[in-house]
Amino acid sequence: MAPENETIHEETTHLLDDIICHRILPRLPCKLLSRCKVISKGYNALIAPNTCFANFQSINPSPVSTGFVYINDGKLSFLADQDNVGVPDPSLEFMVKSLKDVKLLASANGLLLFYLLGGVDSLCICNPATMEKTVLPKEEPEDNIRKAMGLVFNPFASLKKYVVVDPLFKFSSAGNEYIFNVFSSQTGKWTCSREKVFMPGLRCPPTRPVCALGLVYWSCIDYLLWFDPDKDRAGTIQLPNCIGLGNMREVEVYKDELNYMCITFEGEIEVWRLIGGTKWNRLYELSTNTLIHENSPNLCFGLPISEAETRCILGNYVVPLAFDGRNIYLAVNMKAWRLEKDWLVSIKNIDFGEDVLSFMDPTDEDGSLFYDTEIDANDDFETSLEKELLCCDMVTGKLVNTGKSVIQTNRNFRIFYYHNSMAAVPPISK
């Protein structure tokens, strides 16, 4: 029989390991976790590959290693401290030679979905924290580059499975029909879902996908299209009744909560949250007056501008990109605003003899917009617009320039919620 003190020591050691594995390590930044793995074989076994550890890390990701990811300047960039996020190689050279030949499609619990271009034309799942990747089999049909594929990966439910969902759609005079082509790593095959969703009305291709609690969502004009790969179910949810221009609204996920950001025709920034899967609750509403009042005298977006001009900029040159629970990140094309403003001023009342060419201001007397600069983000054209990245506190109305910029192209102008995970990329079953 073992001495009593030895029994107590064994129980204490087991309890200590349990606390370290389940309560401490999952909350550490990924960069620090990578260092912990090389301390000893014991720590390495606790971190990866470890099902319990990955489960707890997915539930309580470290705030330091959490943010938003996008492609900029030829590499992965983050709306967070790059060092704290802890991606070993933001250039992703272990996956592809140049990110200029890569399109970032989706993000889910530490995994990223890329479309590899430049003659490769393949889908690739990657975990940039562990530098693992796997190439997916070809999808049929392959008549166009996929733009709105969603990714589902829930380590807490299963560490051995991820799902890619491709929303295929057909346009008709009556409306739009959506079907879903689904790839599962457990089957290794693409399978067409039996579910179909019909939306009456205008043409509305699905936009950038987001994933929350195992479901994929796409914004389609006035509706939110959703698909549940586990239950093979699909449907729609009506978006909040706030009118905004097509490019001035976005659906985003933060910590598994679905949020809707909108810049209205009245020049207000609104944030809504989906409650219970059916009801929208308005979290924040920020007016143009607040933006001007809370930023040094009449200075908004870095320029001394009036309320009417602020509304014009909000409605035409600002795109909401991400929401972190309190702050909205905005892409602002100030260069285009300055050029258009100078052009409008210089060209007014030009005398052409008998004919006088007159131009209206971009806003009417009360500051409301009369023209629409909507651009369909799903169109097959390539633009190159550098936009300043600002952070707006929805509580105080303070605007802060992050010092970062985003290059708007059809290929790379997408930002996704991201937190680092040490979970291994699940293998594809043969």
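Tutor: Two strands pair if DSSP finds at least two bridges between them. Strands (E, at least two residues) and helices (H or I, at least four) are DSSP runs, numbered from the N terminus. This model is predicted: local features need pLDDT of at least 70, side-chain atom pairs count only at pLDDT 80 or more, and totals for chains, interfaces and linings use all residues.

Student: How many bridges pair strand β8 with strand β9?

Tutor: Find β8 at residues 163–171 and β9 at residues 175–184. They pair in the antiparallel sense. The number of bridges is nine.

Student: Which residue in β9 stands opposite aspartate 166?

Tutor: β8 covers residues 163–171. Look across from aspartate 166 into β9. The residue there is asparagine 181.

Student: Which strands stand at the edges of the open sheet of four strands?

Tutor: The order is β7-β8-β9-β10, with antiparallel pairing. An edge strand here has a single partner, so one of its sides is left without a neighbour in the sheet. The edges are β7 (150–152) and β10 (189–200).

Student: What is the average twist from one strand to the next in that sheet?

Tutor: Axes are lines fitted to C-alpha atoms (for helices, over the stretch in contact), and angles run from 0 to 180 degrees between N-to-C directions. Going from one strand to the next in the sheet β7-β8-β9-β10, the twist averages 25°.

Student: Which strands stand at the edges of the open sheet of three strands?

Tutor: This antiparallel sheet has the order β2-β1-β27. Each edge strand has a single partner, so one side of each lacks a neighbour in the sheet. From one strand to the next, the twist averages 45°. The edges are β2 (75–78) and β27 (416–419).

Student: Which residue is the bridge partner of phenylalanine 68 in β27?

Tutor: Strand β1 spans residues 66–72. Four bridges join β1 to β27, and the two run antiparallel. The partner of phenylalanine 68 is tyrosine 417.

Student: Which residue takes a positive phi in the hairpin of β1 and β2?

Tutor: β1 and β2 run antiparallel, joined by four bridges. Tyrosine 70 stands opposite serine 77 in β2. Two residues lie between the strands of this hairpin. A positive phi near 55° belongs to aspartate 73.

Student: Which residue takes a positive phi in the hairpin of β17 and β18?

Tutor: β17 pairs with strand β18 (residues 279–286) over seven antiparallel bridges. Leucine 274 stands opposite tryptophan 280 in β18. The hairpin has three residues between its strands. With phi near 65°, the residue is glycine 276.

Student: Which residue in β17 stands opposite methionine 261?

Tutor: Five bridges join β16 to β17, and the strands run antiparallel. In their hairpin, glycine 267 has a positive phi near 85°. Opposite methionine 261 is valine 271.

Student: Is leucine 92 buried or exposed?

Tutor: Leucine 92 sits in the loop between α5 (82–85) and β3 (102–108). Its phi is positive, near 55°, although the residue is not glycine. With a relative accessible area of 0%, leucine 92 is buried.

Student: Is lysine 255 buried or exposed?

Tutor: Lysine 255 lies in the loop between β15 (244–254) and β16 (257–264). Its phi is also a positive value near 55°. At 52% relative accessibility, lysine 255 counts as exposed.

Student: Within what arc do the buried residues of α2 fall?

Tutor: In helix α2 (residues 30–37), the buried residues are Cys30, Leu33 and Cys36. They line one face of the helix, because seen down its axis they fall within a limited arc. The arc is that of the directions from the helix axis to the C-beta atoms. Its value is 105°.

Definitions and conventions: Residues are numbered from 1 along each chain as its sequence is written. Side-chain values use heavy atoms; hydrogens and water are left out. Buried means under 20% relative accessible area, exposed over 50%, partly exposed in between (1.4 Å probe, protein chains only).
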